[in-house]
Amino acid sequence: MKEQNTNSNLYKIRHSLAHILAQAVLEIRPNAKLGFGPPIDSGFYYDFDLDEPLSAEDLPKLEKRMRHIIKTGQVFEREELDHTEIIKRLSKDNQSYKIEQVEDLSLNNEPLSLYQNGPFWDLCEGPHVKKTSDIPKNCFTLETLAGAYWKGSEKNNMMQRVYGLAFETVDELKKYQEKRRLAMERDHRKLNRKQNYYTISDDVGKGLPLWLPNGTVIREELEKLAKETEFLGGYKRVSTPHITREELLHTSGHLPYYEESMFPPMEMEGERLFLKPMNCPHHHMIFKAEPRSYRDLPLRLAEYGTCYRYEQSGELAGLLRVRCMTMNDAHIYCTPEQAKEEFIKVMNLHKDYYKLFGLRDFWMRLSLAEENAGKFVDEPELWKKAEKLVTEAMDEVGIPYEAVRGEAAFYGPKIDFQVTNVVGREETASTNQLDLVIGKRFGLSYIASDNEDHTPIIIHRAPLGTHERFVAFLIEHYGGAFPTWLAPLQVRVIPVASAFNEYANSLNENMYSSFIRTEIDDSHDSFSKKIRSAAITKIPNLLIVGENEQANKTVTWQRYGSKERQTLAIDTFLNLIQKEILQRKDWRKTV
């Protein structure tokens with residue numbers, strides 16, 4: 001997510017409301033122990049350890065108390081104290097979590113700041129509004145209750161978290177609430193219950209989705225798109241196993257850098273085997289399988305490879321966070337002279353994909369290494385070269401980006417394409433990485449024009465990310481109403497009466513033989529109910545057939561989301577729909 005501006009008025013409002021919430025909770029639960037209470041990108045929250053948990057019915061009461069506190073105009077006053085004095089004050093109030101927080105901060109022994117408004121005070125860096133009455137009227141609401149482990153660790157106590165929404169104006173709050181309502185309607189997990197894209201079985205395991213026929217269609221259409229695009233881009237397809245020996249992952253650095261996110265090893269015949277967390281090491285071995293010359297470069301190896309990562313069970317969320325993922329993966333091996341051009345091509349490939357899907361609100365996040373951080377490969381000169389090359393390429397492409405330190409891959413700078421979906425939620429849609437390090441560790445080389453061995457630069461790229469995350473994003477982006485080329489069912493034929501079933505079946509067979517995903521609704525439901533059923537399942541094209549259509553060898557065509565109908569000759573419709581599918585067009589962009 002984009003970092004919050006801590007000096008903005010909105011940040012101060014949200015931060016102040018977190019304190020006011022804690023003050024209100026203490027008024028009705030005097031024995032409450034306080035945890036953390038920060039501002040967040042939609043408002044604020046505060047964590048409490050309570051003898052008597054709060055319920056949803058308590059939220060309106062808390063809001064009323066908060067509004068009273070705001071109205072009284074309590075002044076926020078800052079004070080600095082040493083650690084010992086703060087712990088004394090916290091001990092009087094029996095605030096054990098806050099004492100632990102102070103002890104965590106005691107390493108540098110610098111004074112700590114606290115803020116007091118009215119009778120309430122809290123350990124805090126600020127900033128806040130000058131007084132509570134500076135907070136605009138009705139700009140916030142308490143939204144929900146949730147559980148949260150102290151310090152985010154499952155080893156610690158579970159606390160109760162109260163979430164609030166807050167904006168600078170009532171209108172902004174209402175607009176956000178409307179977006180949230182739409183987000184709930186478009187949540188891919190909710191739509192999945194109606195459209196049947198995937199299932200997750202406890203008998204198989206958490207975070208291991210089983211793709212149902214409808215979801216498999218979307219996966220395969222995305223894979224087909226990528227394979228065609230990559231073929232035209234000069235990529236060579238490869239296929240690699242799902243497991244590997246431990247030694248390969250030591251060479252790559254995934255052990256020990258990444259082991260905590262991997263499945264535990266399998267031990268067989270005296271050696272340890274791991275499910276692969278990444279495709280990269282296998283691709284590097286394919287590069288290494290035969291001698292390479294500079295004339296062979298750039299070598300672009302692409303694979304739809306399935307990888308496995310042991311995400312924490314509390315972080316699993318539908319298709320957004322899973323333990324088994326199929327990646328639109330490729331690695332480009334190139335010379336230093338080719339690297340910038342290849343990197344620009346990769347970023348332009350992202351832009352082309354996003355244009356196809358109608359994604360316009362996107363930017364790049366450049367993740368760089370942090371000095372003296374143990375999780376990054378210790379090659380400072382190579383890091384400088386990599387970061388310079390990537391920054392120049394990004395400036396040349398001209399997509400807005402923000403740079404952050406400390407979030408790179410362990411072997412090189414990383415560029416995430418951040419996309420804001422239709423309901424305003426920011427997603428990481430895809431990732432590129434420039435790697436000047438791993439080739440050397442694997443002993444990869446090519447004979448350059450000087451007849452000497454050189455190490456290739458490696459570009460890691462996955463413009464469609466993982467199938468799981470990208471499909472979830474597209475389900476929500478389209479609200480389940482996919483363009484014809486992506487839709488699990490592309491056409492439904494609806495006879496107005498059973499007398500026209502034979503004609504409807506002949507149409508259906510004709511389209512099916514042309515590889516159009518089609519079916520006929522020959523149920524005993526009324527015609528109006530058939531139309532409603534097609535709308536609920538969001539089928540992009542309906543063909544209505546009755547007496548006139550049968551007599552004239554025509555069809556009446558209605559699009560999803562449109563009340564307009566047009567009657568066409570069968571061949572005319574087939575030509576139009578096949579062209580739309582072949583060109584992957586979305587007719588809604590032009591209406």
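Q: What domains is the protein divided into, and where do their bounds come from?
A: In this predicted model, domain 1 covers 9–176, domain 2 covers 194–240 + 279–478, and domain 3 covers 491–590. The bounds come from an automatic or database domain assignment. The C-alpha centres of domain 1 and domain 2 lie 40 Å apart.

Q: What makes Lys-98 and Asp-122 a salt bridge?
A: The cut-off is 4 Å between a side-chain nitrogen of Lys or Arg and a carboxyl oxygen of Asp or Glu. The closest N and O atoms of Lys-98 and Asp-122 are 2.9 Å apart, so the pair qualifies. Lys-98 sits in helix α4 and Asp-122 in strand β6, 24 residues apart, so this pair links distant parts of the chain. A search of the whole structure finds 38 salt bridges.

Q: Which other residues of helix α4 are buried, and what do the buried residues pack against?
A: Helix α4 spans residues 96–104. Its buried residues include Tyr-97, Ile-99, Gln-101 and Val-102. The buried residues of α4 pack against β1 (33–34), β3 (43–49), α3 (83–92), β5 (112–117), β6 (120–123) and β8 (158–166). Contact here means heavy atoms within 4.5 Å.

Q: What makes Glu-230 and Arg-461 a salt bridge, and where do they lie?
A: Their N to O distance is 2.9 Å, and the limit is 4 Å. Glu-230 is in helix α7 (residues 213–232), and Arg-461 is in strand β23 (residues 457–462). The two are 231 residues apart, and the pair links distant parts of the chain. Glu-230 and Arg-461 are buried.

Q: Why are Glu-341 and Lys-345 separated by about one helical turn?
A: Glu-341 and Lys-345 are four residues apart in helix α11 (residues 336–356), so about one turn separates them. An α-helix has 3.6 residues a turn, so residues three or four places apart point the same way. The side chains of Glu-341 and Lys-345 meet in a salt bridge at 3.7 Å, N to O, against a limit of 4 Å.

Q: Why is Ser-562 called buried?
A: Its relative accessible area is 17%, under the 20% cut-off, so Ser-562 is buried. Ser-562 is in the loop between β27 (554–559) and β28 (565–569). Its side chain reaches the backbone nitrogen of Glu-564 at 3.1 Å. The cut-off for a polar contact is 3.5 Å.

Q: What makes the nonpolar surface patch, and why can Ile-243 belong to it?
A: Ile-243, Met-266 and Met-268 make a patch of about 260 Å². Patch residues need over 30% relative accessible area. Ile-243 has 37%, so Ile-243 passes that cut-off and counts as partly exposed. Ile-243 lies in strand β12 (residues 243–245).

Q: Why does Leu-275 count as partly exposed, and which residues does Leu-275 touch?
A: Leu-275 lies in strand β14 (residues 271–275). Not counting residues up to four places away in sequence, Leu-275 touches His-242, Ile-243, Phe-263, Met-266 and Tyr-308. Leu-275 and Arg-309 are 34 residues apart in sequence and 8.4 Å apart in space, C-alpha to C-alpha.

Definitions and conventions:
Residues numbered from 1 in each chain as written. Predicted model: local features only at pLDDT ≥ 70, side-chain atom pairs only at ≥ 80, totals over all residues. Heavy atoms only, no water. Patch = residues over 30% accessible without salt bridge, like charges linked within 9 Å, V, L, I, M, F, W, Y side chains within 5 Å. Areas by Shrake-Rupley, 256 points an atom, 1.4 Å probe, with all protein chains shown as cover. Buried < 20%, exposed > 50% of the residue type's maximum accessible area, 1.4 Å probe, protein only. Polar contact = N/O pair within 3.5 Å; in protein donor to acceptor, adjacent residues only side chain to side chain.
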